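Below is a short briefing for a reader who has not seen this structure before. Please keep the sequence and the model in view while reading.

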Amino acid sequence: MADFWQQVVVGLATGSLYGLMALALVLIYRSTHVLNFAQGEMAMFSTFLAWSILIRVDNHYWVMFPLAVLVAAALGGLTERVVVRPVEGAPILNIVIVTLGLYAIFSNVASWRWIGRPKPFPTPPEIHVAGLKFFGGDALHVGPTVINYHDLTIMVFAALIMVALYLFFQYTSLGLAMRATAHNPVASRLMGIRVGRMLTIGWALSAAVGAVAGLLIAPIVLLTSAMMVGALLYAFAAAVLGGLDSPVGAIVGGLIIGVSENLVGAYTPQEWLGPEMKLTVTLCIILVVLLVRPTGIFGRRALRRV
Amino acid sequence: MRRLAPLRTSTVVIFGVLAFFLLWWIPFSHVLPDVVPLRFAPYRTLEASQVAVWVIVAVGLNILTGFNGQISLGHGAFVAIGAYTAAILMVDHGWPFWTTIIAGGVLAGGVGFLVGVPALRLTGPYLAMATLGLALATPQVLSKYEGLTHGNQGINVRPEVPPPPAFIKDWFGLSLSRDEWMWFLVLSIVLIMLVLALNIVRSRIGRAFVAIRDSEIAAQAMGISVPRYKTMAFAISAFYAGVAGGTYALVHEYIAPENFNITMSMNLLTTIVIGGLASILGSVLGAIGLVVVPELPELVFNRIPGVNIPVELSWAFYGVVLILIMIFAPYGLAGLFHRSVRWVSSWTLRSRAGILVGLVVGVATTMVVGFALGLVAFLVTTAWVWAPPLVGVGARGYSRWIGALTSPLASAGETEAGPEDQSSQDHPDAER
């Protein structure tokens with residue numbers, strides 16, 4: 001049983017990362033109905049920028065962190081304004097191809113610019129605030145289960161971002177305007193909301209969330225131009241599983257996928273399933289869920305007037 | 001017996017031009033004078049065969065996505081089924097090559113039908129995700145069940161293809177190399193599949209597909225059985241992918257699980273959107289474009305002494321071209337072509353000669369405009385990347401990168417892919 005809970009905890013940590021990326025996807029999908037295939041590469045690019053910043057600021061992680069998130073947000077906003085805006089209102093597949101183009105650009109420019117060996121990336125170092133120590137130590141022991149500190153950090157970050165976004169969307173006028181835009185762009189424009197600006201902010205927000213995910217993934221997998229590819233695909237699965245228009249669904253979907261993937265790897269027969277097939281089995285589970293609920297667990301069914 | 005759809009003059013001319021281009025120019029270009037930069041290495045013949053395989057899948061996917069409106073990100077899986085069926089039948093059971101191609105197509109079509117049934121419940125991004133799952137699972141399944149598929153070591157296919165008939169040598173004085181003869185075989189498969197596709201999309205079935213795409217409810221009201229035609233579209237499309245897979249095994253002579261990764265499915269979708277949705281011509285143009293565009297910088301600029309473009313930038317350039325085409329030619333290359341034909345023919349005389357002139361000029365315009373767009377895009381990318389670094393610190397040089405869309409996605413089946421994954425593949429649990 002101890003082993004079981006250990007697997008669950010590790011799955012929850014991985015799942016939080018998938019959930020964060022899925023959240024980034026959902027933020028864009030909700031407002032523009034674009035599946036952003038470049039999300040992972042944007043996060044990877046931001047992490048490389050963060051790495052550059054880290055060197056410039058003498059390895060002060062907590063100086064770099066906000067700067068990196070801001071730079072990522074700027075990158076996201078810029079991308080929306082320059083590349084995505086011209087195809088606004090185009091058929092969905094055209095926009096998908098545009099994001100695939102962005103994928104090619106980010107991925108290749110990064111691998112050209114920051115060539116060489118995979119770069120080690122630091123985990124968030126410990127800080128002392130009001131006599132309390134954060135982010136430090138070896139591991140947390142809960143009964144027989146060991147929770148690695150970086151895993152704990154990941155889960156805490158995911159929870160914090162979720163809460164912050166909830167507060168932002170529910171209790172600020174900007175958040176309200178963004179929700180209105182997502183709900184009905186035409187009416188929002190008539191009410192005086194600058195719809196275009198809301199979309200830019202949505203992309204910026206999403207890129208910032210993605211960057212946080214990138215910063216947390218990089219210590220685990222090392223910093224390379226391919227580091228986000230797997231995570232992005234899992235994030236897609238998570239977002240779809242949770243329902244593409246639901247931020248809560250994204251996180252829940254991520255957790256479900258992280259845990260089930262770990263359990264499938266650990267507890268299915270090795271001869272014909274086992275760890276190599278964990279992705280396949282997870283995808284089958286998602287397919288079954290989709291067949292029962294075609295718009296994901298938390299997704300709303302779109303009603304259309306004919 | 002249903003009559004073949006009447007061939008429109010424009011279709012004949014278009015495919016005539018294409019056939020001439022593909023049939024003569026590329027395979028025999030090494031005997032032609034040195035007039036264009038894009039030519040002459042014998043591998044071009046092989047490349048042309050690869051484009052041809054690509055054309056077959058693209059046409060099939062376009063029937064599903066362009067004509068019927070169902071997005072599939074999983075067509076690589078059907079190509080894999082066709083390729084593996086053909087290869088296993090050829091290598092392990094000694095079937096003649098042409099029967100294996102048909103068998104591959106039929107089996108893939110059957111699987112496509114089975115996938116099409118649950119797909120009825122899903123739409124848009126949810127369908128895209130479900131089919132994406134198919135593409136993701138394919139390499140894993142292929143490498144896991146080694147007894148049937150030979151696992152990660154792949155299958156060496158040495159097809160016993162009959163030699164070129166004697167009349168080619170007797171009448172035309174040409175002795176074909178293996179690649180060149182293969183090219184003619186593949187081209188004939190392509191032509192059969194193209195004619196078939198043209199007839200499908202212009203028949204009752206094709207019109208039903210389009211009606212369903214535009215409005216399921218209206219189609220239903222007209223008496224079209226929506227589930228029947230939607231699954232049929234999946235089956236036909238998968239059949240095309242299966243035939244292409246068999247041809248793929250024939251052309252490449254070696255198949256392995258990683259050939260059929262998610263990259264292939266993504267590239268297929270790109271092909272049809274870039275070429276033009278709901279256009280057979282578009283599928284052909286898109287397939288050619290997808291192969292030619294990433295090579296343009298190298299072909300054009302690396303001929304200038306002192307200029308050497310790293311391969312990563314060629315692929316970044318490809319990304320820029322994708323975006324530019326989507327912004328300036330939302331209906332793809334086929335749309336660009338039709339628009340330029342219409343534009344020219346509006347001020348040529350409304351006579352046959354005028355239309356012919358219009359067509360020729362249209363082809364030329366499409367090529368020139370496409371190339372100019374590409375050139376601008378490339379200059380912009382270069383300027384952007386070569387600009388003084390703002391925050392970058394990496395040393396410049398060349399890595400052994402094999403193109404973005406190949407490498408990073410190649411390991412997509414693994415969690416959190418990265419180069420260090422190569423080592424962790426043996427211990428999938430040890431990755432954390």
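Over all chains, a search of the whole structure finds 16 aromatic pairs, a pair being two rings of Phe, Tyr or Trp (its six-membered ring) with centres within 6.5 Å; planes under 30 degrees apart count as stacked, over 60 as edge-to-face and the rest as tilted. This is a predicted model, in which local features need pLDDT of at least 70 and side-chain atom pairs count only at pLDDT 80 or more, while totals for chains, interfaces and linings use all residues. Residues are numbered from 1 along each chain as its sequence is written, chains are lettered from A and ligands numbered from 1 in the order in which they are written, and side-chain values use heavy atoms, without hydrogens and water.

**Aromatic pairs**

- Y18(A) and Y234(A) are stacked, because their ring centres are 4.6 Å apart and their planes lie at 5°.
- This pair links distant parts of the chain, 216 residues apart: Y18(A) is in helix α1 (residues 2–32) of chain A and Y234(A) in helix α9 (residues 229–242) of chain A. Helices (H or I, at least four residues) and strands (E, at least two) are DSSP runs, numbered from the N terminus.
- Both Y18(A) and Y234(A) are buried, where buried means under 20% relative accessible area, exposed over 50% and partly exposed in between (1.4 Å probe, protein chains only).
- F48(A) and W114(A) form another stacked aromatic pair, with 4.9 Å from centre to centre and 10° between the planes.
- F48(A) lies in helix α2 (residues 39–56) of chain A and W114(A) in the loop between α4 (92–113) and β1 (127–129) of chain A, so the pair ties together parts 66 residues apart in sequence.
- F48(A) is buried at 1% relative accessibility, and W114(A) is buried at 5%.
- F45(A), F48(A), F106(A) and W114(A) make up one aromatic cluster.

**Charges over rings**

- R30(A) has its charged end over the ring of F169(A), 5.4 Å from the ring centre; the criterion is NZ of Lys or CZ of Arg within 6 Å of the centre and within 35 degrees of the ring normal.
- In chain B, the charged end of R228(B) sits over the ring of Y229(B), 5.3 Å from its centre.

**A buried glutamate**

- E80(A) belongs to helix α3 (residues 61–84) of chain A.
- E80(A) counts as buried because its relative accessible area is 2%.

**Chain B**

- Chain B has 19 helices and two strands.
- Of its 432 residues, 53% count as buried.
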